[in-house]
Amino acid sequence: MITKTEITHSFNAPRDFVFKAFTESTHLQNWWGPKGWAFDISKFELRQNGVFHYSHTSPDGNVMWVKFIYHEVNVSDKLVYTSFFSDEKGNIIRAPFDDNWPLEILNTFTFTEHEGKTVITMIGTLVTPTEEEMKTYEESQEMVQKGFTGTFIQLDDYLSNISKN
């Protein structure tokens, strides 16, 4: 059974700039999440044990809340956080799209730079999953890959637009 996902993406921008896009709310609101969905930050504390709590609203009005708890913030190098779906108050809830989606995922992002380009490696590891959650996660790998790839493409676009200004 799959209990982790690894996704790597290269950005044509310096590491410090890419890290800022990931860790500053003024940048995040311009690219994070599904394309075409509205994004609203409820709380953003970039520090160990800090919270990032936000909502996404689909074009047809469905609202999804997500919360991160940061475990490690190494400026320009690494971000580690646990993510989960939540209610508006930040309590853990089941994913609105699948009752068997894993409750918590530990996400580790590393940022490396080579010749002015930044490579992000994201490793998502399930936290104490049930057998059913592992099965659902395994069956959803294509969706997970497409979701992060789409989000990274939005970041590519955002970074190229910002660097032109």
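How many cavities of 30 Å³ or more does the structure hold? In this predicted model, the count is 1. The volume of the largest cavity is about 60 Å³. Its lining is formed by Phe22, Leu28, Trp32, Phe52, Phe68, Tyr70, Leu79 and Tyr81.

The structure holds 24 aromatic pairs. One of them joins phenylalanine 11 and phenylalanine 152: the ring centres are 5.8 Å apart and the planes meet at 85°, so the arrangement is edge-to-face, given that planes over 60 degrees apart are classed in this way. Because phenylalanine 11 belongs to strand E1 (residues 4–11) and phenylalanine 152 to helix H4 (residues 141–164), this pair ties together parts that are 141 residues apart in sequence. Phenylalanine 11 and phenylalanine 152 are both buried.

A second example is the pair of phenylalanine 39 and tyrosine 54, whose geometry is tilted, with 5.1 Å from centre to centre and 55° between the planes. Here the contact runs between two strands: phenylalanine 39 lies in strand E2 (residues 38–44) and tyrosine 54 in strand E3 (residues 51–57). The two residues are 15 residues apart, and their pair links distant parts of the chain. Phenylalanine 39 and tyrosine 54 are likewise both buried.

Note on methods: Residues numbered from 1 in each chain as written. Predicted model: local features only at pLDDT ≥ 70, side-chain atom pairs only at ≥ 80, totals over all residues. Heavy atoms only, no water. Phe/Tyr/Trp six-rings, centres within 6.5 Å; stacked < 30°, edge-to-face > 60°. Helix = DSSP H or I, 4+ residues; strand = E, 2+ residues; numbered from the N terminus. Buried < 20%, exposed > 50% of the residue type's maximum accessible area, 1.4 Å probe, protein only. 1 Å grid on protein atoms, 1.4 Å probe; cavity = no way out; pocket = protein on both sides within 12 Å on 5 of 7 lines; lining within 4 Å. Points joined across faces, edges and corners; volume = space filled by probe spheres on them.
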